[in-house]
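Please open the model in the viewer and keep the selection tool at hand.

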Amino acid sequence: MSIDTLGLREQKKRETRQAISHHATQLFLVHGFDGTTIADIAATARVAKMTVTNYFPRKEDLAFGHLEAFVSGLADAVAGRPAGESALGAVRRAYIEALERRDPMIGFTDRDFAHMIADSPTLVARLRDLHDQREHALATQLTTEHTANAKRAGALEHVAAVEDHGAFDHAGAVEHTGGIKGVGDRKLIENAKQAEVGAKAEAGAGTGAEAGTGAEAGAGTGVRVGSRGAIDGRGRGGVVGEELIARAVAAQLAAADRLLFRELQSRVLAGQSADEIATALTETAHHVFDLLELAVGTYAIR
């Protein structure tokens, strides 16, 4: 089968999918989502019922276009952020840009369509599920980034340790070969070593005190040590801790995103124009994201 034939086939599939979605939306707007059946959609689109279900396994998906793009929206914004930008900064920037272009992905639609969704418990539940998937995708992205960074840091630490070990071996070799030139040289080396041992002995008490202080502080810093383990990803507990932190950050960012989506939809239902909504939501969004700065503003800075 030629490439041209494959291209035509894919184009035909896209056209069929778009036609089914278009006819379904028109029926939903007239009869309501719950008052429209798959058979109604198939008859209007002039396709078999099986064709409708092949393209849209769930009836609810006929009402929501570009599901994959919506689910991955927050994760994509974070994945594509430039150097120096945090996860919060990426989500904020993406949302403001979406407001500027009146993007349906953040809730812009016409009033009738918004009413259709609000009047159907099935669609409201499906939208909630999609927001949950959106949050999960963001958490996965943040966790994946941390895992990659932890591995990179571990590799760099290993290289540094190898280089330090090589330096010590080289110094030892120099001392060994250079010190046997004469009795005077060996005597100098012995004196230096004795001085070093003496210095370590004098520092022993201080070191012991510091160790004692660390032990006394242990109970108070247990959480801190655990947090550090989570941040640098060392040990099984650290990795699990970082996954929890990633989910917590994702939950806060997704909650803000979900809140703004609902606010936008409520303004659509109230009859406000797209320009009015964009103006109001721009100020509101900055306030919402500003509140998150103290909590997660420095998390995942690239």
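A residue is called buried under 20% relative accessible area, exposed over 50% and partly exposed in between, with a 1.4 Å probe and protein chains only. This is a predicted model, in which local features need pLDDT of at least 70 and side-chain atom pairs count only at pLDDT 80 or more, while totals for chains, interfaces and linings use all residues. Residues are numbered from 1 along each chain as its sequence is written, and side-chain values use heavy atoms, with hydrogens and water left out.

**The whole chain**

Helices (H or I, at least four residues) and strands (E, at least two) are DSSP runs, numbered from the N terminus. Of the 302 residues, 31% are buried. Among contacts (heavy atoms within 4.5 Å) with a separation of 6 or more, 74% join residues 24 or more positions apart.

**Val30**

Next, select Val30, which lies in helix H1 (residues 3-31). Is Val30 buried or exposed? Val30 counts as exposed because its relative accessibility is 63%.

**Helix H6**

Now move to helix H6 (residues 87-100), whose end C-alpha atoms are 20 Å apart. This agrees with the 20 Å that its 14 residues should span at 1.5 Å a residue; the expected span is 1.5 Å times one less than the number of residues. In H6, 10 of the 14 residues are buried, including Leu88, Val91, Tyr95 and Leu99. Finally, select Arg102, which follows H6 and has a positive phi, near 55°.
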